Amino acid sequence: MPNLQVFEQSIQIKASATTVEHCITDLTLMHRWLNPALGCYPVGEWSTELGSRSRFVIQIPLVQPTLNSVVVKREPGLIVWQFQGFFQGRDRWECQPTILGTRLLNRFEFEIPNPLVSWGFNTFATTWTQQDMKAQLRRLKRVAEQMYQGTD
């Protein structure tokens, strides 16, 4: 990828890696922490197993940009979606058990093949995207900790 960009964020969560992974792989829970303007829709039956497909749609009036994704790597505590659309790249979610619970790492690596879209993203949306990734991790942390403590 010639113009590869990488955004990487992590957060410490006071919950087991199994609980955190469940928050990432359960579609109902996922919609509790995803940006409300981002919808995730299965292609066929929902799954996060290798080869499973889904669509992520940004709810922007009139446009609704879509990313078609497929799970390209799946191990306990790890899921990697590869996507194509206005972005091309990978979104990696890794649960790393720690003494305090789980360190969740999210690595978003991508390129934007359309020069006009790339310019618009780099000019207007880079900072917002990085802030949104941090906000998503905080929301996911809240959901996972509530589930783990049984207060969900």
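**Where two helices meet**

Begin by selecting Thr-19, Val-20, His-22, Cys-23 and Ile-24 in H1, which meet Leu-140, Val-143, Ala-144, Met-147 and Tyr-148 in H3 (contact means heavy atoms within 4.5 Å; helices are DSSP runs of H or I with at least four residues, numbered from the N terminus). This is a predicted model, in which local features need pLDDT of at least 70 and side-chain atom pairs count only at pLDDT 80 or more, while totals for chains, interfaces and linings use all residues. Residues are numbered from 1 along each chain as its sequence is written, and side-chain values use heavy atoms, with hydrogens and water left out.

Now show the whole of H1 (residues 17–25) and H3 (residues 115–148), whose axes come within 9 Å and cross at roughly 125°; axes are lines fitted to C-alpha atoms, for helices over the stretch in contact, with angles from 0 to 180 degrees between N-to-C directions.

Next, go to the start of H3 and select Asn-114, where a side-chain oxygen reaches to within 2.8 Å of the backbone nitrogen of Leu-116. Finally, after H3, select Gly-150, whose phi is positive, near 75°.

Terms used
A polar contact is a pair of N or O atoms within 3.5 Å; within protein, one must be able to donate a hydrogen and the other to accept it, and residues adjacent in sequence count only if both atoms are side-chain atoms.
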